[in-house]
Amino acid sequence: MAFSWVVPSAIWLVLHFTAESCRIQAVSAPRASGVCAKGTVTASSGQAVPPGTNITVSCRLAAPPGASWCWAAIFLNSSEQIRGQGGSVSKTFLLSSHGKHTFTCKSICGDKAKLVCGIDILAGNPPDEPRNVSCIQFGTRGRPTCTWHKGRFTYLDTAYGIELSNGTDTFCFPEETPNLVFGSGALSKLDFNSNYTVVVSASNQLGNASSQPLTFMLVDIVKPHPPDFLVEFDDSSATSCSLSWHHEAQAQHYRLRYRPLSSSTWSTVEIFSREKYHLQGLEPDTAYEFQVSCRILPGRGLWSDWSSTQSQTPAAVPAGILDVWYRQQELGPGHQNLSLFWKALSRSEAGGRILGYTVTLEALGQGKLPAQSHRTSQTSFSRVTPRVAHRVTVTAQGPRGSSRPAAILILPGSLDLPPPERVSSAALGNSSILVTWSPPVTPTLPVGGYLLEWAEPRTDPHRQPRNTWRKLPPSRLSTVLAEQIRDNVCYGIRVSALYQGRAGRAASVRANSTAQAPSAGPQMFATPWASGVLVSWEEIPAPQQRGCITAYHIYLHRSSRQGQPELHAVPAGNVPRSLHIPALQPGEHHELWMTAATAAGEGPRGNSDSVCLEGAGDWLTLVLVCSFLILSACVCSVPPARKVFQRLLSLLLPQWQSKAIPDPANATWAKSLTATKAELSAPSSPFLASGFQEPETTAVEESWAEPPEPGDKLLVGSAGSRGHWPQLYQRLLLEPEYISSPGPSAQSPEPEPEPLPLFPAAFLPPGPGCQGNLSLDRVKLSGSSFPR
């Protein structure tokens with residue numbers, strides 16, 4: 001009891017000795033004057049005035065000047081304002097600006113000026129009321145300090161003081177380290193059981209001002225130092241830790257906050273009257289930042305600054321089970337491409353970092369083939385397998401072990417399982433899509449749920465598309481997709497019914513959450529085709545579609561027509577992307593271009609192309625000529641038809657064309673050839689010169705004609721016509737088999753007709769002219785002498 005009385009008394013005695021008298025009085029403003037030996041200067045106001053005040057300044061010399069050329073003058077800031085004779089002068093001034101104004105009185109005689117006396121007048125402001133007064137003590141052993149905001153600048157000497165009262169006595173503590181904007185002053189030590197009132201006072205020559213009183217107890221203004229604390233982890237649990245701390249003031253109220261280093265969001269916990277706390281719900285194998293703060297009493301006082309530390313939680317065995325799904329693609333008889341994909345575990349389910357995945361495939365009904373295990377670091381796996389039932393398990397591996405296996409049974413024959421009916425979608429905006437459907441009609445197996453798959457369009461051919469799916473119970477016939485959905489992107493959505501854990505056929509739909517008009521048009525290709533034009537186009541790149549394409553518009557403008565072009569609308573989704581526009585006018589130019597549209601509107605046009613169909617007469621002539629040549633070749637390749645065709649030509653062509661061609665075997669040169677062969681066939685030695693006699697050479701006189709000029713007509717049967725071609729005539733009429741035939745006979749049999757040439761004889765040039773003599777009595781001819 002004595003101690004509780006002695007301590008406050010001792011503290012209060014300290015206040016008596018350290019504080020000053022706190023009676024700051026308003027400083028009076030007497031009339032400003034300056035008295036000097038040579039004269040005086042007086043002002044009608046005090047030394048300090050507010051801006052905008054009119055004052056009268058007088059100057060009086062102590063001894064009047066004896067000469068008439070001496071003057072008394074008043075200067076303001078070294079600038080002469082007025083002068084007068086007789087030893088005195090006065091003038092009224094308006095002080096409109098803040099600050100010090102210096103008035104001096106001078107005696108001027110001729111060109112010499114002597115200083116007589118002077119005064120300073122200050123134009124300033126009275127003090128404003130000090131605002132935002134606050135007091136704080138750092139630590140339990142520090143000294144309280146009060147701060148305040150001074151208000152506008154006074155331009156005058158202003159005194160500030162802190163009036164401290166405990167209800168009985170009042171003491172004043174002066175301002176420390178003066179500042180133009182803020183003021184501060186330190187108090188003596190206070191006790192925790194007293195109530196105090198603080199008022200900040202300000203005073204200058206123009207007035208006084210005091211702040212609103214601030215009442216507090218010492219416990220309310222003490223800001224403790226940050227506590228020291230320690231974080232400890234238990235190896236048996238990777239999701240909890242223990243925190244302990246110590247503080248000099250033995251505070252009764254603590255707060256703890258923590259966050260993963262990869263996040264900016266804090267989780268906060270408040271602790272009362274304890275210096276240890278067991279924290280749970282952390283993520284394994286994660287770096288955390290922990291911070292602790294305290295104050296002395298719950299609900300009172302100032303919070304200390306945060307003390308901080310960082311720690312890493314240990315890893316744990318994965319606790320979750322992977323969500324696995326699959327997709328089958330038939331490759332041929334007895335084989336399929338089996339694609340597996342799964343969702344990564346959350347940080348808490350994975351127990352930390354996942355190092356990889358193990359996929360085990362076990363074929364059922366294939367004897368005792370061993371199961372195959374594969375390791376991958378991806379969340380998908382693909383393998384070509386026999387088209388039989390498979391049991392598949394997938395596990396995740398972490399630093400401290402593997403997760404429980406996720407097992408699925410994959411059976412062949414899912415194509416006979418019907419899909420859901422009336423699948424539709426609706427854009428909800430805000431990165432979400434509504435998908436609805438109806439149950440399958442007459443399913444062969446009970447429906448155990450539904451599977452939804454959605455994916456963005458594939459923009460990179462080297463990057464695998466990311467599979468996203470969701471499993472729903474059979475009672476759900478709609479869902480809102482908001483996971484990994486971006487605005488202005490067209491998603492392909494597949495909905496399948498689940499039958500005993502496997503998916504049936506899928507129903508597909510395209511959808512987007514929001515859409516804009518495409519930013520580009522399709523690349524178009526126009527090709528003339530069947531009296532019209534075939535238009536084909538490429539799909540717009542996915543980033544430029546900006547939503548699901550609903551239709552393509554083909555514009556056709558005819559050069560012979562004015563006005564709007566023809567519009568041909570093609571619904572999106574048609575494969576192949578092409579359209580045939582028939583019945584175009586031959587010889588007319590047509591310009592074509594395309595646009596694409598989404599639900600938000602039509603985009604810009606793509607490239608343009610021009611098409612002009614050729615006239616029908618040119619095509620008809622070409623078709624007739626080709627048909628005639630093909631028909632002639634086919635007919636002449638059959639012997640009976642060839643004979644009929646030859647007789648028909650003999651009736652249609654001139655009569656001289658039907659005359660028999662003379663047999664070269666009856667010619668004179670053929671008889672000589674027979675005799676020569678007999679001579680050459682006699683035995684002779686190759687080493688005797690007399691065994692070979694060179695035949696006598698006979699001169700041959702030939703008559704040649706120039707080939708026909710372009711445009712000349714060939715007169716068939718005219719002996720004097722131009723364009724006689726001996727070599728061509730020899731090639732066509734003198735064949736080798738006739739030359740090597742036996743000697744002449746009385747009557748030569750009719751030779752077997754040879755295949756008709758492509759061009760009949762009527763179209764050949766006439767034979768050699770008759771202008772020269774050609775003797776063939778002793779000329780050797782063989783088949784090799786004619787060009788083929």
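How many bridges pair strand S36 (residues 449–455) with S37, and in which sense? The answer is 5 bridges, in the antiparallel sense. One spot to look at along this pairing is leucine 451, which stands opposite lysine 471 in S37. Everything here comes from a predicted model, so no experimental coordinates stand behind the numbers, because the values are those of a prediction.As for the overall makeup, the chain comes to 9 helices and 48 strands. Of its 788 residues, buried ones make up 36%. Among contacts with a separation of 6 or more, 64% are between residues 24 or more positions apart.

Back to the sheet that holds S36 and S37. It is an open sheet of 4 strands, in the order S37-S36-S39-S40, and the pairing is antiparallel. Strand S37 (468–472) and strand S40 (502–511) take the edges; each has a single partner strand, so one side of each is left without a neighbour in the sheet. From one strand to the next, the twist averages 20°.

A second open sheet is built from 3 strands in the order S41-S42-S45, again with antiparallel pairing. Its edge strands are S41 (524–529) and S45 (578–581), and each of them pairs on one side only. Here the twist averages 20° from one strand to the next. Strand S42 (residues 532–537) is joined to S45 by 4 bridges, with the two running antiparallel. Within this part of the sheet, valine 535 stands opposite leucine 579 in S45.

Alanine 530, in the loop between S41 and S42, has a phi near 50°, a positive value in a residue other than glycine. With a relative accessibility of 53%, alanine 530 counts as exposed. Threonine 442 sits in the loop between S35 and S36, and its phi is positive too, at about 45°, although threonine 442 is not a glycine. Threonine 442 is exposed, with a relative accessible area of 68%.

Serine 432 is a loop residue of another sort. It lies between strand S34 (421–427) and strand S35 (433–438), yet it counts as buried, at 11% relative accessibility. A polar atom of the serine 432 side chain lies 2.7 Å from the backbone oxygen of glycine 429. Leaving aside neighbours within four places in sequence, serine 432 is in contact with Ala427, Val480, Leu481, Ala482, Ile485 and Ser513.

Then there are the rings. A search of the whole structure turns up 14 aromatic pairs. One of them joins tryptophan 245 and tyrosine 254, a tilted pair at 5.1 Å centre to centre with 45° between the planes. Both tryptophan 245 and tyrosine 254 are buried. Elsewhere in the list, Tyr258, Tyr288 and Phe290 form one aromatic cluster.

Two tryptophans also have a charged side chain over the ring. The charged end of arginine 257 sits over the ring of tryptophan 306, 4.2 Å from its centre. For tryptophan 469, the residue over the face is lysine 343, at 5.2 Å from the ring centre.

Terms used:
Residues are numbered from 1 along each chain as its sequence is written. This is a predicted model: local features need pLDDT of at least 70, side-chain atom pairs count only at pLDDT 80 or more; totals for chains, interfaces and linings use all residues. Side-chain values use heavy atoms; hydrogens and water are left out. Rings of Phe, Tyr and Trp (its six-membered ring) pair if their centres lie within 6.5 Å; planes under 30 degrees apart count as stacked, over 60 as edge-to-face and the rest as tilted. Buried means under 20% relative accessible area, exposed over 50%, partly exposed in between (1.4 Å probe, protein chains only). A charge sits over a ring if NZ of Lys or CZ of Arg is within 6 Å of the ring centre and within 35 degrees of the ring normal. Two strands pair if DSSP finds at least two bridges between them. Axes are lines fitted to C-alpha atoms, for helices over the stretch in contact, and angles run from 0 to 180 degrees between N-to-C directions. A polar contact is a pair of N or O atoms within 3.5 Å; within protein, one must be able to donate a hydrogen and the other to accept it, and residues adjacent in sequence count only if both atoms are side-chain atoms. Contact means heavy atoms within 4.5 Å.
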